[in-house]
Each structure stands twice: as structure tokens, then as C-alpha cells.
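Trainee: I would like to go through this protein step by step. Could we start with the overall picture and then look inside?

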Amino acid sequence: IYKLTHQWGFYASGTLYTGLLLLVTLRMVERPTKMRVASFGLVVGLAIWQSTQLVPIVLPAILWAIWKQPAWLRRIWIAARFRTVAAVCLGLAALLAALGALPAIVWNARHGWGSLASPIEDTTTYQHRLRIFASPLLPMMLGLRVPFTQELLVPALALLVYVGLLGLFVYGAYRARRREASLLFVVAACFPLVYALAPATLFSQEPKYLMVLSPVLVLLVAQLASTYWRAVALVGVALALSTGTLHKMDTYFRTVPVQPPAAPRDLGPLISTLDDMGVDRVYADFWLAYRLTFDTDERIIAAQNKFTALRFEGGQAVASRHP
């Protein structure tokens with residue numbers, strides 16, 4: 001819930017783009033008109049511009065669409081002349097995907113493709129990051145573990161429920177293999193394989209990088225609500241898990257010995273001082289940077305930095321590259 005608040009808006013937009021990607025992929029495969037394929041390409045481009053966290057959603061969706069429409073692949077060789085509807089669709093998809101991602105492409109071209117470089121020192125292996133995904137992060141997303149403490153919510157049942165859900169996933173994937181619902185299973189199965197390529201996924205305190213997967217998980221779990229009373233029971237379980245998890249998280253934050261520094265409620269004096277100095281680009285602590293940017297409606301851009309190093313170039317302060 002707290003990851004969808006205003007200050008963490010990019011996580012909220014990530015979940016929105018996941019829902020959009022699922023929708024436009026299904027519509028394109030259902031009826032691959034030029035408009036639907038073009039919409040798919042545009043949403044893919046916008047999603048990648050919005051956050052590279054969506055790449056593990058985008059790639060499986062594309063693979064699933066190719067699997068469902070293999071005839072396109074057999075006609076790609078004439079795409080240059082656009083002699084078929086399929087070739088025109090492919091060209092439109094690629095063009096609009098590039099258009100949607102254009103801000104990210106232009107920025108990266110001017111800055112040495114900096115957004116593709118990870119500020120995290122990679123001290124783990126790919127296999128270890130996959131293990132972190134499997135536990136504790138995925139159980140946290142499913143409400144079986146408490147974020148930050150990694151405590152099992154119901155120790156006696158958590159492992160049994162987790163194994164049961166994995167078994168249901170395999171069974172559901174087999175039953176849905178010829179239906180449109182197979183998109184959910186393909187995306188969910190491929191997500192960790194792509195996700196774990198990024199060094200930042202070694203972070204195991206909370207499943208923040210799994211937020212983009214949440215619409216897929218919700219739709220998968222919702223398949224259990226095939227009748228009215230099953231739906232009522234499922235909502236009841238979800239509410240109980242959410243309430244228990246939030247209570248334990250609140251207890252943890254009230255008792256944790258080192259609290260994060262709190263930004264002042266009123267940033268007016270700081271904003272006035274920066275305005276008087278004519279400064280509209282600043283470095284700031286994590287807990288202040290995003291708040292300052294939002295409160296000024298991006299008139300002042302604050303970039304997060306830990307200030308592990310500082311140097312001056314041409315009279316300008318340049319902080320360390322590690323945010």
C-alpha cells in the first residue's frame with residue numbers, strides 16, 4: 001500500500017503499465033489490426049521509458065504474442081517493402097515503440113547510456129538472486145512473510161501454503177496452455193529469469209522491485225474465485241493477510257532502533273532559499289529528494305545521493321555516481 005503513495009509514484013505507474021501491457025497484448029493477439037499492434041508498440045515503448053523494471057514484463061509478453069501469432073515471424077523477411085498487413089503492423093509496432101521510448105533513448109545517447117549502468121556493486125551471483133526472489137521476496141508479495149523482518153506471518157502454515165500455491169500454479173499453467181490466460185503464466189514464469197539479471201535485485205528487505213508483477217499475481221490468485229462464495233473467502237483471506245502484515249510492519253517501525261531521518265513537513269523555507277539563489281537542480285538525501293521534487297511540481301529537481309564522494313568541476317559540485 002505505502003509503495004503506491006504519491007512520493008513513490010513510479011511504483012504505482014509501473015503497476016499501471018503492467019496492466020496496460022497485459023491488456024494490449026491480449027487485444028493484439030485476439031485481432032491483430034494495425035491499430036491494435038500500433039497501440040501495443042506504443043505502450044511497450046512508454047513502459048520502457050517509464051522504468052526498466054518493466055522489461056521482465058515486456059519481454060515475456062512479446063514472446064507470448066509471437067507464440068500465439070507465429071505467422072508474423074514467417075513473413076518478417078518482406079517487412080522492408082511493407083507488402084503485407086503483417087509487415088505493416090510490425091513496422092508500426094517498432095516505430096511507435098521507439099517513439100514511446102524516445103525520451104529515454106535520447107537521454108541515454110547523450111549520457112553514455114547511463115541508465116543501463118547499475119550503481120549497485122554486484123556481490124551476488126545470478127543463482128543467488130533467483131533464490132532471493134523465491135524466498136523471501138515472493139512470499140512477501142503473497143502476504144506470507146512480513147517485509148523488512150522477513151518473519152513468517154503464520155509459521156505453521158506458511159510453507160504448506162507456499163508449496164500449495166506453486167502446485168496450483170503448475171496445474172493452472174497446464175490447463176491454460178491453449179487459452180489466453182496462458183499469458184499470465186508465461187509472464188509469471190519468465191519474470192524472475194529476467195528480473196534476476198539486475199544486480200539491484202539482491203535487495204531482500206522488501207519486494208519493491210516485484211511491484212510491477214503484482215497485477216499478474218492478483219489475476220492468477222483471482223482465478224480461485226470461480227464462484228461467489230469462493231470469491232468472498234478469497235477476499236477475506238486477503239484482508240486478513242494484509243491486516244496482519246501491516247500491523248507487524250507498524251510494530252517493527254515503532255521499535256526499530258535507527259529511524260530514517262524525517263523530512264520537515266513544511267519545505268517552504270528551503271524552497272524559498274533555493275529560489276532566491278536561483279538553484280533548480282540539487283542533490284539531496286533520499287528522504288528529502290523526491291518530496292522536494294514533488295512539492296515544487298518538478299520546478300526544482302532533486303536527485304538522490306548518499307554523498308560518499310564530492311568533487312568540483314568548473315565551480316559545480318558533482319556528487320558520487322552511487323545514489
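Mentor: What follows is a set of questions and answers on a predicted model.

Trainee: How many helices and strands does the protein have?
Mentor: The protein has 323 residues, and 33% of these are buried, meaning under 20% relative accessible area. Its secondary structure comes to 13 helices and four strands.

Trainee: Which element gives the most residues to the largest nonpolar core?
Mentor: This core holds 40 residues, and L21, I57, F191 and V216 touch the most other members. The elements that give two or more residues to it are α1, α2, α3, α7, α9 and α10. With seven residues, the element that gives the most is α9.

Trainee: Which residues is F191 in contact with, leaving aside its neighbours within four places in sequence?
Mentor: F191 is among the residues that touch the most other members of the largest nonpolar core. Contact here means heavy atoms within 4.5 Å. With those neighbours left aside, the partners of F191 are P56, I57, F133, Y209, L210, V212 and L213.

Trainee: Which element gives the most to the lining of the second largest pocket?
Mentor: About 1300 Å³ of space lies in this pocket. Of its 40 lining residues, M141, L142, G143, A238 and S242 are the closest to its centre. Two or more lining residues come from each of α7, α8, α10 and α11. With 12 residues, the element that gives the most is α11.

Trainee: How many residues of that lining are nonpolar, polar and charged?
Mentor: The lining of the second largest pocket has 40 residues. They divide into three charged, five polar and 32 nonpolar.

Notes:
Residues numbered from 1 in each chain as written. Predicted model: local features only at pLDDT ≥ 70, side-chain atom pairs only at ≥ 80, totals over all residues. Heavy atoms only, no water. Buried < 20%, exposed > 50% of the residue type's maximum accessible area, 1.4 Å probe, protein only. 1 Å grid on protein atoms, 1.4 Å probe; cavity = no way out; pocket = protein on both sides within 12 Å on 5 of 7 lines; lining within 4 Å. Points joined across faces, edges and corners; volume = space filled by probe spheres on them. Nonpolar A, V, L, I, M, F, W, Y, C, P; charged D, E, K, R; others polar. Core = buried A, V, L, I, M, F, W, Y, C linked by side-chain atoms within 4.5 Å.
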